[in-house]
Amino acid sequence: MKKNNPLKPLNEAVLVGEKWVIIFGFTAMLILGLLQIVLRKIGYPIPWVEPVMLYVFIWTSMLAMSFATAKGSHFKMEMLTERLSPKGRKTIRIIVNLIILFFGIFIVFYGMQNAIMNLGQRMMALPFSMFVPKLSVPIAFSLSIVHALSNLIDLLQENEIVKVEVMD
């Protein structure tokens with residue numbers, strides 16, 4: 001019997017938001033990289049392009065990690081889990097989501113402390129605080145916590161885990 005997952009609407013909204021931010025991040029990195037190559041060739045390099053690309057890459061990769069958590073597409077040992085019974089596979093998925101949940105809480109707590117400690121540090125070539133790139137870690141892991149909780153609720157209620165296609 002399917003039950004209602006109270007986190008499902010939030011989980012789906014976060015997935016859609018992550019997808020578009022990841023697409024924007026990769027597009028921005030591509031455009032900035034091409035711009036830097038062209039301008040360097042003609043003798044007018046822009047000093048802030050490389051640091052911006054680095055920080056966009058950090059944010060994009062952290063959000064992609066959270067997106068992969070929701071889709072269950074992280075590294076896994078399918079060769080081993082496929083040999084288990086359906087109940088055994090479900091148990092492993094519950095354990096994995098619990099580990100993600102507790103690890104995420106740990107990372108959010110210490111990631112926020114690290115971000116706050118870097119409020120006074122400035123980015124290279126940019127007039128912004130290092131708080132901005134450091135904040136990507138606790139935000140991405142907060143989103144991973146939402147995904148892990150939603151997956152746990154679905155697993156415990158025997159619902160299908162939310163699958164969002166990348167190109168919806």
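Analyst: Let's start with the word "patch": patches are made of residues with over 30% relative accessible area and no salt bridge, a salt bridge being a side-chain nitrogen of Lys or Arg within 4 Å of a carboxyl oxygen of Asp or Glu. Like charges are joined within 9 Å, and nonpolar side chains (Val, Leu, Ile, Met, Phe, Trp, Tyr) within 5 Å. Accessible areas come from the Shrake-Rupley method with a 1.4 Å probe, and for residues only the protein chains shown count as cover. You're looking at a predicted model, where local features need pLDDT of at least 70 and side-chain atom pairs count only at pLDDT 80 or more, while totals for chains, interfaces and linings use all residues. Residues are numbered from 1 along each chain as its sequence is written, and side-chain values use heavy atoms, leaving out hydrogens and water.

User: Which residues make the nonpolar surface patch here?

Analyst: Leu84, Ile92, Ile95, Val96, Ile99, Phe103, Phe106, Phe109 and Tyr110 make it, and it covers about 840 Å².

User: Why is isoleucine 95 called partly exposed?

Analyst: Buried means under 20% relative accessible area, exposed over 50%, and partly exposed is in between (1.4 Å probe, protein chains only). Isoleucine 95 has 41%, so it counts as partly exposed. You'll find isoleucine 95 in helix α4; helices are DSSP runs (H or I, at least four residues), numbered from the N terminus.

User: And leucine 30, what makes that one exposed?

Analyst: Its relative accessible area is 53%, so leucine 30 is exposed. Leucine 30 sits in helix α1 (residues 8–41).

User: Why is asparagine 118 called buried?

Analyst: Asparagine 118 has a relative accessible area of 9%, so it's buried. It lies in the loop between α4 and α5 (131–134). Skipping residues up to four places away in sequence, asparagine 118 touches Ser129, Met130, Phe131 and Lys134, where contact means heavy atoms within 4.5 Å.

User: What makes up the largest nonpolar core?

Analyst: A nonpolar core is a set of buried Ala, Val, Leu, Ile, Met, Phe, Trp, Tyr and Cys residues joined through side-chain atoms within 4.5 Å. The largest one has 12 residues, including Met62, Ile94, Phe141 and Leu152. Two or more residues each come from α2, α4 (86–117) and α6 (136–156), with α6 giving the most, 6 residues.
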